[in-house]
Amino acid sequence: MFLSLAKLFEAAGGTREQVLLVHPAQLSRWLDEAWEGAALVPELPIGSTSTQAPFLGDPGIIGALNLPNQRFPALLAPSGIRPPEADRFTGAREQSTRRGVGLLWHHLIYAYLIESTGTFEVFAEVVRRLVIGETLGTLSLDGASWLRATEELFFRDPPLYSIAGIMSEARPLSRVTRRNAYWRMFGFDLPHALPDWPSGGGERRDWKAHVGSSANADFRPKWTELLRQVWLGLENFLNTSGANATDPSYIAFLCESIKDMLNNRRRGGLLAREEFVHVTVLSWFHLSLQTDTPIVRDLKAEATSPADRLSLIAQRVGMAPAARSRELFELAEKMSSVLRAIELGLFDDPTAAATLFDATTALGGEMRDLIDLWQSATGERVKDRPIGNPQVLSAQPVRLPSLPAVAEAGANGHSVR
Amino acid sequence: MPTQQEQLMQQLVELTEAVKTLAARPGHPPAETPQRPPVVVDVDIDEPAPVTDADRVRQRVAFSYQALGTLTGRVSTATGREFDVPVVKAARGDNTIVFDDLPPGAHWVELRTGGKVESLRIRRTPDRDDDGDSDRDGEGDRRRSDAGEVFPKLFAASEPIGSTVFLRTARGPLIAFGPRLAAFGSAEPVEPAELAVT
């Protein structure tokens with residue numbers, strides 16, 4: 001969400017990093033306004049199907065969790081944010097959350113990919129060292145503002161009745177809550193282990209078991225297959241003669257399968273609030289690394305990319321980020337957009353699915369980048385095909401159910417002969 | 001030996017001519033119904049009008065993807081504006097919808113709620129002289145040339161509208177999008193504190 005606010009600051013003539021200087025009380029209230037503003041997001045003009053905010057699972061979840069419309073005197077004050085002024089309190093709500101087309105947060109995959117770089121743990125250590133000693137030196141005034149906001153917003157209990165308040169006795173560790181959401185939605189766990197602090201008792205050990213069977217374990221194979229098929233389409237996009245293994249119908253089928261899988265986890269608005277909060281947390285740290293922000297300068301980590309800045313900051317606190325941080329940072333927004341589009345049903349028919357490998361559109365270009373980055377980040381050889389086989393195969397792999405399990409054992413447990 | 005840029009320009013000119021020829025073909029339905037003014041196929045080098053149904057579908061998908069990027073606050077690449085899709089302000093009256101910040105070339109609007117769709121030609125609001133009203137929001141000068149209105153027939157004032165999309169011609173291309181519109185009279189009141197500031 002903070003990336004959206006940064007864009008509003010930039011559009012109003014300010015700079016993106018000014019968001020990091022806004023008072024944490026205002027930012028906290030703005031998050032509640034932004035949550036409410038999601039109800040303004042319009043349907044997308046993709047055809048005759050309704051696309052009423054399915055990213056929420058149930059559009060009613062906004063109102064269900066939201067404070068009713070306040071009358072004077074208000075129970076809670078508005079954020080008072082008015083871009084591009086970071087140090088002003090207007091006494092009114094930030095306008096984009098009240099009128100216009102609203103704000104939409106990134107897909108949960110964005111939070112997963114950014115957290116996979118190690119960003120959260122590196123900054124957690126930075127904050128810890130800055131508040132308990134002087135091993136990292138002193139901060140500028142802007143750096144001190146960043147530190148105060150970061151500690152208040154993400155390393156303590158959120159304010160009562162805030163939309164960001166997803167920590168409680170029932171789920172005391174924010175780190176585990178995020179892993180829980182990633183596991184349920186994608187069947188992915190983070191590549192690094194949980195740190196030793198803070199302690200979390202049983203939740204720390206058993207969180208996967210508590211999820212039960214409601215994890216989308218099939219997400220990764222389907223996603224990789226989709227990338228493989230889109231790559232075939234991109235390779236053959238300009239073909240005017242000869243064999244063309246592109247199969248838009250199969251691509252549409254894969255998109256629909258992924259859509260159904262993800263929407264299953266969102267039934268009744270499940271995970272909507274958690275996604276909002278997790279994306280918000282990680283977008284703060286992503287924004288802190290996008291440019292040479294005050295905290296980056298104070299830590300003497302000026303560089304030309306978020307991955308390089310993170311690497312330099314990690315060195316200051318004796319840590320190392322993920323080896324493929326650059327790819328993960330680059331992937332985050334692209335993969336988020338594509339998964340959002342898939343969940344909205346943008347590619348549910350073969351004609352629409354063909355846009356994924358239309359190299360002349362922004363979407364086609366993003367898919368090409370996404371395939372490159374995914375292959376590089378994960379090591380999965382999406383572009384490779386079997387060599388030495390001149391026969392042109394169908395794009396759709398054939399996987400028939402195997403029989404041996406049935407044939408080998410009879411009703412009494414003995415082999416059938 | 002033509003340079004690569006000259007070759008590209010030549011291809012663009014050929015594409016433009018091809019699209020114009022297709023648009024002028026007698027097979028196209030005549031736009032002579034009394035409700036609709038003639039369809040003008042306005043060819044844009046950057047964004048040619050779609051010529052087939054499949055083109056139209058793909059253009060909608062590509063546009064929706066870009067609009068999605070705009071909504072999530074994505075930043076365009078240094079060489080493009082792919083995630084800066086123009087956003088039009090809209091407000092609902094009793095039997096009218098008024099628009100502000102209309103981009104150049106936005107002549108049609110498509111109102112949509114689920115499968116219910118209505119396409120309307122936008123009536124641009126005539127230029128006005130500066131008066132007391134023009135200073136509202138400090139945007140008086142800008143309001144004069146980019147405002148417009150439509151009078152929906154299919155959508156009653158009591159019906160919410162899920163999306164507003166702006167097109168160059170009735171058939172495309174899509175060039176901007178607007179907000180979800182609540183039923184007339186159902187919008188939330190402005191907070192007292194907000195009135196004091198704005």
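Q: How many residues of domain 2 of chain A are in contact with domain 1 of chain A?
A: Two residues are in contact if their C-beta atoms, placed from the backbone, lie within 7 Å, and the domain bounds come from an automatic or database domain assignment. This is a predicted model, in which local features need pLDDT of at least 70 and side-chain atom pairs count only at pLDDT 80 or more, while totals for chains, interfaces and linings use all residues. Residues are numbered from 1 along each chain as its sequence is written, with chains lettered from A and ligands numbered from 1 in the order in which they are written. On the domain 1 side of chain A there are 28 residues, and the number in domain 2 of chain A that they are in contact with is 22.

Q: Which helix supplies the largest share of the side of domain 1 of chain A that touches domain 2 of chain A?
A: Helices (H or I, at least four residues) and strands (E, at least two) are DSSP runs, numbered from the N terminus. Helix H4 (108–116), helix H7 (174–186) and helix H14 (325–343) of chain A each give at least two residues to this side. The largest share, 6 residues, comes from H14(A).

Q: How far apart are the C-alpha centres of domain 1 and domain 2 of chain A?
A: Chain A is divided into domain 1, covering 2–200 + 210–217 + 266–333, and domain 2, covering 219–265 + 334–378. The distance between their C-alpha centres is 28 Å.

Q: Which residues does Leu356(A) touch, not counting residues up to four places away in sequence?
A: Beyond four places in sequence, Leu356(A) touches Val230(A), Gly233(A), Ile251(A), Phe347(A), Leu363(A), Gly364(A) and Met367(A).

Q: Which element of chain B gives the most to the side that touches chain A?
A: Across the two chains, 39 residues of chain B are in contact with 42 residues of chain A. The elements giving two or more residues to the chain B side are helix H2 (53–71), strand E3 (108–113), strand E7 (163–169), strand E8 (172–178) and helix H4 (192–197) of chain B. With 13 residues, the one that gives the most is H2(B).

Q: Why is one side of E1 and of E5 in chain B left without a neighbour in the sheet?
A: Two strands pair if DSSP finds at least two bridges between them, and 4 strands of chain B form an open sheet in the order E1-E2-E6-E5 with antiparallel pairing. Strand E1 (89–92) and strand E5 (123–124) of chain B stand at the edges, so one side of each is left open because each has a single partner strand.

Q: Which residue of E6(B) is the bridge partner of Arg124(B)?
A: E5(B) is joined to strand E6 (residues 148–150) of chain B by 2 bridges, and the two run antiparallel. The bridge partner of Arg124(B) in E6(B) is Gly148(B).

Q: Is Ser79(A) buried or exposed?
A: Ser79(A) lies in the loop between helix H3 (60–65) and H4 of chain A. Leaving aside neighbours within four places in sequence, Ser79(A) is in contact with Gln26(A), Arg29(A), Trp30(A), Glu33(A), Arg93(A) and Glu94(A). Because Ser79(A) has 26 C-beta neighbours inside 10 Å, this residue counts as buried.

Q: Is the peptide bond from Pro83(A) to Pro84(A) cis or trans?
A: Pro84(A) is found in the loop between H3 and H4 of chain A. With omega near 5°, the bond from Pro83(A) to Pro84(A) is cis.

Q: Is Leu271(A) buried or exposed?
A: Leu271(A) lies in the loop between helix H10 (248–264) and H11 of chain A, and its phi is near 70°, a positive value in a residue other than glycine. Since 21 C-beta neighbours fall inside 10 Å, Leu271(A) counts as buried.

Conventions
Buried ≥ 20, exposed ≤ 12 C-beta atoms within 10 Å, placed from the backbone.
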